[in-house]
Each structure stands twice: as structure tokens, then as C-alpha cells.
Amino acid sequence: MPKYRCPMCRKICSEHLDLARHYLGQTDKKHKEWLKTQGLSYAELIKAQVTEFGNKGYEALAEVLKKEAVVVDEG
Ligand SMILES: [Zn+2]
């Protein structure tokens with residue numbers, strides 16, 4: 001089963017959505033700054049997550065992580 005590593009730390013998740021959930025739980029500058037390089041805003045993702053139905057914030061970030069997260073194949 002492939003797993004995916006957070007671009008900014010060593011956190012590994014088996015699903016991009018879980019990784020997105022981890023990511024938005026981090027409030028340090030490093031995690032927030034990387035979002036900007038992807039054209040995203042931490043504040044906007046959190047806002048989407050709190051104010052819109054469903055998991056809009058997590059899903060938007062998960063889409064980016066599908067392209068950017070390193071795949072860790074643990075065999
Ligand atoms: Zn992380």
C-alpha cells in the first residue's frame with residue numbers, strides 16, 4: 001500500500017484526505033508558507049472547512065497533495 005508524506009514534515013498518511021487534515025491542523029509558518037507556493041491560503045482553506053458543507057477545505061488541499069506529496073512505498 002502506498003502512503004503519502006507531508007511536503008513539510010515527516011507525517012505519513014495512507015490517504016490524501018487524511019494528509020490534508022493533518023496539514024490544516026498545523027499552524028507553524030513552514031506549513032502555511034508552502035500553501036502559498038501552491039496558490040492556496042491557509043485562512044481560506046480553514047474558512048471553507050468551517051463555513052461550507054462537507055469537507056471543502058480538506059478536499060481542495062487533498063487535490064494539491066495528490067500532485068505534490070511524496071509517495072512512500074512501504075512494500
Ligand atoms: Zn506536515
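Student: How many bridges join strand 1 to strand 3?
Tutor: Four, and strand 1 (residues 2-5) and strand 3 run antiparallel. Strands here are DSSP E runs of at least two residues, helices are H or I runs of at least four, and both are numbered from the N terminus. Two strands pair if DSSP finds at least two bridges between them. This is a predicted model, in which local features need pLDDT of at least 70, side-chain atom pairs count only at pLDDT 80 or more, and totals for chains, interfaces and linings use all residues. Residues are numbered from 1 along each chain as its sequence is written.

Student: Which residue is the bridge partner of Tyr-4 in strand 3?
Tutor: Val-71. In strand 2, Tyr-4 stands opposite Cys-13.

Student: And how do strand 1 and strand 2 run, parallel or antiparallel?
Tutor: Antiparallel, with two bridges joining strand 1 to strand 2 (residues 12-13). They form a hairpin with six residues between them.

Student: New topic. What is Leu-19 in contact with, leaving aside neighbours within four places in sequence?
Tutor: Tyr-4, Cys-6, Cys-13, Leu-65 and Ala-69. Contact means C-beta atoms, placed from the backbone, within 7 Å.

Student: Which element has the lowest mean pLDDT?
Tutor: Strand 3 (residues 70-73), at 92, while helix 1 (residues 16-25) has the highest, 98. pLDDT is the predictor's confidence in each residue, from 0 to 100. The chain averages 95, and 97% of the residues score at least 70.

Methods
Two residues are in contact if their C-beta atoms, placed from the backbone, lie within 7 Å.
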